[in-house]
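Thanks for taking a look at this one with me.

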Amino acid sequence: MRYILLLSILFTQGICAQEKKVADNNSIVELKKTINYLADDKLEGRRTGTAGEKLAYEFIQDQFHKTGLTPLGTNKTYIQEFEVKDGKEIKKETALSVQGQVAELNTDYFPMPYSGNVKDLKFSDGSDHAISYYDLKNIIEENKTNPHFDLKENMYTAAKKAQDDNKSIFVIYNSSTEIDDLAFDAKDKADRLKIPVIYYLKQTKFTTDISINIDISEQQRFGHNVIAFLDNKSASTIIIGAHYDHLGYGEDHNSLYAGKPLMIHNGADDNASGVAAMIALSKWLKTSNLKKYNFAFIAFSGEELGLYGSKYFVDHSPIDLKTINYMLNMDMVGRLNDSTHVLTVGGYGTSPTWGEIVKTNDPFFKIKTDSSGVGPSDYTSFYKKDIPVIFFFTGSHSDYHKPTDDANKINYSGELAVINYIKNIIATTDQKEKLAFTKTREVATVRTSFKVTLGIMPDYAFDGNGLRVDGVSDNRPAQKAGVKEGDVIYQLGQYSITDIQTYMQALNKFNKGDATKVKLKRGKDDMQLDVVF
């Protein structure tokens with residue numbers, strides 16, 4: 001009888017193991033379908049506001065619809081549209097004529113991006129007093145060896161002074177032989193002035209018999225969040241999010257690829273992997289017994305431009321923010337290292353409950369926690385509204401923000417393990433009351449605007465002393481200095497580097513052209529390299 005019972009138990013266990021294997025295989029097939037579609041060349045990198053973004057959000061909303069989730073976007077659709085400011089544009093009405101001769105835009109002149117708009121402004125002989133001329137010759141020659149000199153800032157300050165002095169126009173030219181490489185910068189963020197400001201490329205003053213029109217407008221495009229809702233008739237809702245946009249061809253200057261020609265950035269890990277995980281979780285939750293809370297699933301766009309989509313959502317939320325339990329975010333969960341199994345869990349300090357739920361002694365994962373609610377992904381927007389957040393990330397890699405982040409490099413079984421880990425987190429919170437919010441330290445994020453760049457990709461999962469280099473960008477200061485992937489930087493100039501936060505604080509102390517020393521450990525060797533920003 002015991003023998004028969006033992007056989008029965010072993011048989012049942014075998015069936016369960018086989019069923020689990022089949023279920024896991026099916027899950028991996030679904031993950032591959034999603035990631036392969038989103039990271040396909042035909043979506044051209046899913047840049048916000050493009051046809052590729054449209055193909056992506058149509059695919060995601062179709063997945064939500066098939067799962068049976070309720071649309072929670074605008075006008076009973078899954079889509080929530082938002083505006084993205086896309087820099088400045090010189091309109092065709094812009095024109096300059098000198099002594100009756102039409103000047104050619106970008107050959108004879110161009111307006112500065114902070115120029116005021118004017119229509120039919122005319123100057124004739126004798127009106128020189130209304131024009132402020134600025135020859136760059138002396139200022140460039142005087143500051144040839146000054147690493148702290150910023151020519152653009154100098155010109156803007158001079159133009160603003162001309163405006164304060166009630167001049168009618170500010171004209172910049174360069175009579176020296178020194179090349180200044182100036183051009184219209186559509187991404188310039190300087191405040192617009194009231195007077196026209198032009199750069200005259202003829203290297204001289206012009207006669208005052210001139211007529212000028214300046215028409216510079218703000219360009220815009222539109223991004224699209226995709227929002228679905230699982231209504232469990234609860235008073236509180238859990239947000240599960242992942243951004244689906246990526247870099248396109250790198251047109252927004254956020255690529256780490258410096259080669260030519262422009263190439264499609266497919267963003268398989270960043271962040272088709274997170275979207276695939278979100279879709280998998282939506283299907284699981286739809287059929288699960290977890291009914292204590294509602295669930296909203298949000299695929300954000302505009303994340304790569306500066307969290308545009310999530311910022312817009314929290315400011316125009318169809319869900320009362322006070323009823324949100326917590327926000328769970330997945331960004332780059334597709335490249336789990338099979339040797340280390342490091343999984344970073346961010347937002348750990350935004351609720352005391354996370355300390356009860358997230359165990360650092362997991363039998364499979366090496367859990368690395370980051371308490372801050374602020375970081376380079378969409379959970380930041382929710383934290384800033386006093387909502388608890390939790391963030392999952394399998395680590396950076398040398399393909400980050402490069403055209404080589406492709407679907408064939410995803411660790412699908414590793415991503416499935418991450419999804420199963422997240423399922424346990426969600427299931428545990430289903431047994432708890434609405435989470436309390438706690439403020440955490442707020443550190444600078446990866447997208448902080450620095451005056452200089454070293455040109456490295458930090459290893460966010462590194463828990464040793466210093467900053468480990470996970471990637472080096474071509475033709476940037478780090479590469480020119482000889483920094484290599486795997487190096488651990490522990491000093492930059494006079495500043496000690498203990499982690500990514502101290503690295504960013506140190507980086508902010510330098511200006512373009514500064515020369516300094518970088519101290520690092522390569523393997524067991526200590527090295528000192530000369531770097532010029």
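1. A definition to begin with: a nonpolar core is a set of buried Ala, Val, Leu, Ile, Met, Phe, Trp, Tyr and Cys residues joined through side-chain atoms within 4.5 Å. Buried means under 20% relative accessible area, exposed means over 50%, and partly exposed is in between, with a 1.4 Å probe and protein chains only. The largest nonpolar core here has 60 residues, and I240, M330, F392 and I426 have the most contacts inside it. Helix α5 (residues 268-287) supplies the largest share of this core, with 9 residues. A second, separate core has 41 residues, including I90, F123, A159 and Y199.

2. Before going on, some housekeeping. This is a predicted model, in which local features need pLDDT of at least 70 and side-chain atom pairs count only at pLDDT 80 or more, while totals for chains, interfaces and linings use all residues. Residues are numbered from 1 along each chain as its sequence is written, and side-chain values use heavy atoms, with hydrogens and water left out. Helices (H or I, at least four residues) and strands (E, at least two) are DSSP runs, numbered from the N terminus.

3. Which residues does M330 touch, not counting residues up to four places away in sequence? Contact here means heavy atoms within 4.5 Å. The neighbours of M330 on that count are I240, G241, A242, N271, G274, A277, M278, L281, F392 and I422.

4. Next, please look at T48, in the loop between α1 (2-38) and α2 (51-67). T48 counts as buried because its relative accessibility is 1%. A polar atom of its side chain lies 3.1 Å from the backbone nitrogen of G302. Leaving out residues up to four places away in sequence, T48 touches E53, V84, R221, F222, G223, D245, H246, S301, G302 and L305.

5. V84 and R221, both touched by T48, also stand opposite each other in a strand pairing, with R221 in β11. Two strands pair if DSSP finds at least two bridges between them. Strand β2 (residues 79-90) pairs with β11 in the antiparallel sense over 10 bridges. Strand β1 (residues 70-71) pairs with β11 (residues 216-230) over 2 bridges, again in the antiparallel sense, and P71 stands opposite A228. A228 also has a bridge partner in β13, namely F297. Strand β13 (residues 294-300) and β11 run antiparallel and are joined by 5 bridges.

6. There is also an open sheet of 4 strands, in the order β4-β3-β10-β6, with antiparallel pairing. Its edge strands, β4 (101-102) and β6 (118-123), each pair on one side only. Strand β3 (residues 95-98) is joined to β4 by 2 bridges, and the bridge partner of S97 in β4 is V102.

7. The expected span of a helix is 1.5 Å times one less than its number of residues. For the 14 residues of α4 this gives 20 Å, which agrees with the 20 Å between its end C-alpha atoms. The buried residues in α4 are L151, N154, M155, Y156, A158, A159, A162 and Q163. Their cover includes β7 (131-135), α3 (137-142), β8 (169-173) and β9 (197-200). Just after α4, N166 takes a positive phi of about 65 degrees.

8. Lastly, how many salt bridges does the structure hold? A salt bridge is a side-chain nitrogen of Lys or Arg within 4 Å of a carboxyl oxygen of Asp or Glu, and the structure holds 25 of them. One of them joins the side chains of K283 and E30 (3.6 Å, N to O). K283 is in helix α5 and E30 in helix α1, so this pair ties together parts that are 253 residues apart in sequence. K283 counts as partly exposed at 32% relative accessibility, and E30 counts as partly exposed at 35%.

9. Another salt bridge, between K66 and D62 (3.3 Å, N to O), sits in helix α2, where the two residues are 4 apart, about one turn of the helix. K66 counts as exposed at 62% relative accessibility, whereas D62 is partly exposed at 32%.

Key
Polar contact = N/O pair within 3.5 Å; in protein donor to acceptor, adjacent residues only side chain to side chain.
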